[in-house]
Amino acid sequence: MCTKHDKLLELFCKTDQMCVCMLCTVLDHQGHYVVPLKEEYEGKEAELGKTDAEIKQMIQKRRLKIEEMKRSVEFSKKDADREIAAGVQVFSALKESVERSLAELIDTIKEKQRETEKQAEGFIKELEQEISELKKRSSEKISSSKENTFITFQSSPSMNAVPPTKDWTGVSVRPPSYEGTVVRAVNQLEETLSKQMKKLFEVELKRVQQYAVDVTLDPDTAHPKLILSDDGKQVHDNDVKKNLPDNPERFDTSRCVLAKRSFSSGRFYYEVEVKDKTNWDLGVARESINRKGNINPTPQNGQWSICLRNKNEYKAWNLPPVRLSLKCRPEKVGVFVDYEEGLVSFYDVDAAALIYSFSGCCFTQKLYPYFCPCNNGGGKNSAPLIISPVNHTE
């Protein structure tokens with residue numbers, strides 16, 4: 001009931017958002033937007049019903065997201081447990097190898113010392129025996145000289161003779177030489193650990209190869225002196241500049257090219273054959289990398305790469321550059337990136353060895369695989385960089 005006019009509230013004033021009676025519309029709400037109260041309620045109910053459905057849908061989406069997160073945590077825990085177990089196994093084996101090598105080293109040194117002691121004991125025993133013989137002969141001579149006359153003494157020349165003894169002038173106990181003993185033991189341990197590390201890296205390489213992606217070169221980014229194969233899998237320099245449009249994406253000074261495909265999350269891996277080359281650069285670059293003029297290829301400038309110079313000088317383009325000591329020349333290099341972890345790793349595929357890792361990187365842009373075959377050096381460096389299919393070894 002309308003308290004002011006004592007009438008039924010049959011209408012709803014949308015202008016003032018209140019229920020009113022017929023008299024109110026004439027006296028107090030003239031010209032306002034007024035609708036029947038029943039119509040308003042039905043509209044409100046429909047609106048409430050729609051809102052309720054939306055809320056239920058939002059709740060359901062959030063419940064599904066919670067389940068997704070729980071599954072992610074569960075998978076993450078399984079991965080963590082598996083990694084811990086693998087780590088314990090590897091480090092236990094390494095610990096056993098170190099302890100075994102140390103025990104063998106100690107046994108070797110002790111055995112040498114025992115041989116020295118045994119030799120010395122033999123010499124000492126001989127010397128003591130000779131001393132005993134000499135003392136005995138000395139006692140006999142003294143006794144004989146007291147009892148016998150001079151004539152008798154002369155008739156027994158053996159009494160004057162010194163008993164036969166060993167010439168000890170050049171005899172001595174030489175302490176054993178331990179020079180190089182520890183070094184040899186460490187070298188042997190290093191060989192053992194290298195074999196174990198190779199097995200470890202083989203497992204690691206197989207793991208990252210699971211993230212292999214198809215990579216194709218983008219001709220729109222290639223320096224005008226670079227030659228790309230028709231399938232976009234090879235690139236080399238022939239030192240002849242082509243007349244190409246100088247679009248913003250193209251490198252105009254450094255002989256580089258990017259891949260067509262970019263990555264802004266997750267993990268990816270690809271392999272590049274570098275056989276027969278004397279100079280090259282490989283890695284990843286962010287989308288905003290400077291493509292005009294000379295490039296300073298460092299993480300600070302948006303590039304994470306390694307290179308070969310002068311046929312056998314390897315380094316990682318960090319600040320300052322890091323020289324890399326490799327046991328053998330890689331013929332195929334694997335590049336692995338974990339975007340969220342901020343990791344870029346390079347592998348010698350054939351040797352199953354880690355070459356170098358950039359870790360703790362902060363990626364905020366798209367990343368592109370980056371290739372630089374360098375100039376051909378009068379034909380000495382004319383071999384191409386070749387994006388190879390990944391062989392998923394079992």
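Predicted model: local features only at pLDDT ≥ 70, side-chain atom pairs only at ≥ 80, totals over all residues.
I started with the neighbours of Thr298: leaving out residues up to four places away in sequence, Thr298 touches Gln303, Trp317, Asn318 and Leu319.

Next I looked up where Thr298 sits, and found it in the loop between strand E8 (280-286) and strand E9 (303-309). Buried or exposed? I get 2% relative accessibility for Thr298, and since buried means under 20%, Thr298 counts as buried.

Then I went over to Gln113. This residue is part of helix H2, which runs over residues 37-147. Its relative accessibility comes to 34%, so I put Gln113 down as partly exposed. I also checked Gln113 against Glu273: they are 160 residues apart in sequence, and their C-alpha atoms are 55 Å apart in space.

After that I turned to the chain as a whole. I have four helices and 16 strands in it. The radius of gyration is 45 Å, well over the 21 Å from the globule rule for 394 residues, so I note the chain as more spread out than a compact globule. The C-alpha trace spans about 175 × 75 × 40 Å along its principal axes.

On burial, I find that 31% of the 394 residues count as buried. The chain exposes about 25500 Å², with carbon and sulfur atoms supplying 53% of that area.

For contacts, I took pairs at least 6 apart in sequence; 63% of these join residues at least 24 apart.

Last, charges. I have 59 positive and 60 negative side chains, and the centres of the two sets lie 3 Å apart.

Methods:
Residues numbered from 1 in each chain as written. Heavy atoms only, no water. Helix = DSSP H or I, 4+ residues; strand = E, 2+ residues; numbered from the N terminus. Buried < 20%, exposed > 50% of the residue type's maximum accessible area, 1.4 Å probe, protein only. Contact = heavy atoms within 4.5 Å. Rg over C-alpha atoms; globule rule 2.2 N^0.38 Å. Areas by Shrake-Rupley, 256 points an atom, 1.4 Å probe, with all protein chains shown as cover. Lys, Arg positive; Asp, Glu negative; His and termini not counted. Charge placed at Lys NZ, Arg CZ, Asp CG, Glu CD.
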